[in-house]
Amino acid sequence: MIKIAPSLLSADFAKLGEEIKKVEHAGADLIHIDVMDGHFVPNITIGPPVVKSLRLVTSLKFDVHLMISNPADYIDGFIDAGADIITVHAESCIHLNRVIQSIKQRGKKASVALNPATPLSALDCILGDVDMILLMTVNPGFGGQTYIESMTEKIRELKNIITERKLDVDIEIDGGIDINNIFKVTKAGANVIVSGSTIFNAVNTRQMIKELKEKAFDEDKLEF
Ligand code: DX5
Ligand code: ZN
């Protein structure tokens, strides 16, 4: 089952509530919220007060992607605000296992993200403890970037490791996804697909999400 998670980073920030309703009615499965602090990544976005306000406009799950330094300090704040899935970057956590535990102790789904340059070996000791792995397919910080081709093999390798270890871990892909490359990542093993500019720049949002879901399967419908 493929899930589409529109990234609010490409939404109109003057009307975030309406933008969420728009993608919800258009068939989104999750709302992906990119949190940036100007330290871990060269951009600044939103924090818990905004997430708390947005919580009132939808019942869709909030997939909160923390691109911040010291994420452990902010996990309770984002959960209190309404986050359902919390993703922390392996590169930003000295005590990654502790951070994962603190998310799970609050009854939320824990996910770990890797930047494109971080090897899968960073996951060796925590893969059995998480609900999802987010593989960045662009360098984090901005929407609208181009998919990094070498990430397809990384997705495939992660899928193989998860299958070999008989784990139940989702693979989320974030960055540069459009209707022309979505099948490449789903075929490699991804099942949660973040899409910002492709969805929010579309003239017809419903049609775009429908098309992404259709293209996520093989063109001739034989693969899945
Ligand atoms: C990048 C963010 C992504 C980004 C995706 O740092 O984590 O979620 O908004 O945007 P697109 O789909 O436009 O690459
Ligand atoms: Zn993201």
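**Questions on a predicted model**

Trainee: Leaving aside its neighbours within four places in sequence, with which residues is K61 in contact?

Mentor: Contact means heavy atoms within 4.5 Å. Leaving aside neighbours within four places in sequence, K61 is in contact with L30, I31 and D84.

Trainee: What pLDDT do local features need in this predicted model?

Mentor: Residues are numbered from 1 along each chain as its sequence is written, chains are lettered from A and ligands numbered from 1 in the order in which they are written, and side-chain values use heavy atoms, with hydrogens and water left out. This is a predicted model in which totals for chains, interfaces and linings use all residues, side-chain atom pairs count only at pLDDT 80 or more, and local features need a pLDDT of at least 70.

Trainee: Is K61 buried, exposed or partly exposed?

Mentor: K61 has its place in strand 3; strands (E, at least two residues) and helices (H or I, at least four) are DSSP runs numbered from the N terminus. Buried means under 20% relative accessible area and exposed over 50%, with partly exposed in between (1.4 Å probe, protein chains only). Because the relative accessibility of K61 is 44%, K61 counts as partly exposed.

Trainee: How many of the seven residues of strand 3 are buried?

Mentor: Strand 3 is largely enclosed by the rest of the structure. The reason lies in its buried residues, which number six of the seven.

Trainee: In strand 3, which residue is the bridge partner of I31?

Mentor: Two strands pair if DSSP finds at least two bridges between them. Strand 2 and strand 3 pair in the parallel sense over seven bridges. In strand 3, the partner of I31 is F62.

Trainee: Which strands form the edges of the sheet?

Mentor: The open sheet has eight strands in the order 1-8-7-6-5-4-3-2, with parallel pairing. Pairing on one side only marks the edge strands, which are strand 1 (3-6) and strand 2 (30-36).

Trainee: What is the average twist from one strand to the next?

Mentor: Axes are lines fitted to C-alpha atoms, and angles run from 0 to 180 degrees between N-to-C directions. From one strand to the next, the twist averages 25°.

Trainee: Which residue is the bridge partner of M136 in strand 7?

Mentor: Strand 6 (residues 132-136) is largely enclosed by the rest of the structure, because five of its five residues are buried. Both faces are covered, with M132, L134 and M136 buried on one side and I133 and L135 buried on the other. Strand 6 is joined to strand 5 (residues 109-114) by four parallel bridges, with A113 opposite L134. Five bridges pair strand 6 with strand 7 in the parallel sense, and there the partner of M136 is D174.

Trainee: What is the bridge partner of I173 in strand 8?

Mentor: Strand 7 (residues 170-174) and strand 8 (residues 192-195) run parallel and are joined by three bridges. In strand 8, I173 has as its partner I193.

Trainee: Which residues have the most contacts inside the largest nonpolar core?

Mentor: A nonpolar core is a set of buried Ala, Val, Leu, Ile, Met, Phe, Trp, Tyr and Cys residues joined through side-chain atoms within 4.5 Å. The largest has 64 residues, and those with the most contacts inside it are V88, V112 and I133.

Trainee: How much space lies in the largest cavity?

Mentor: A cavity is a set of points, on a 1 Å grid over the protein atoms alone, where a 1.4 Å probe fits but cannot get out; lining residues have an atom within 4 Å of a point. Grid points are joined across faces, edges and corners, and a volume is the space filled by probe spheres set on the points. The structure holds three cavities of 30 Å³ or more, and the space in the largest is about 200 Å³.

Trainee: Which lining residues lie nearest the centre of the largest cavity?

Mentor: Strand 2, strand 8 and helix 7 (197-200) each supply at least two residues of this lining. Of the 23 lining residues, those nearest the centre are S7, F142, G143, D174 and G175.

Trainee: Is H32 buried or exposed?

Mentor: H32 has its place in strand 2. Not counting residues up to four places away in sequence, H32 touches residues including S7, D63, H65 and D174. Because its relative accessibility is 0%, H32 counts as buried.

Terms used:
On a 1 Å grid over the protein atoms alone, a cavity is a set of points where a 1.4 Å probe fits but cannot get out, and a pocket is an open set with protein on both sides within 12 Å along at least five of seven lines; lining residues have an atom within 4 Å of a point.
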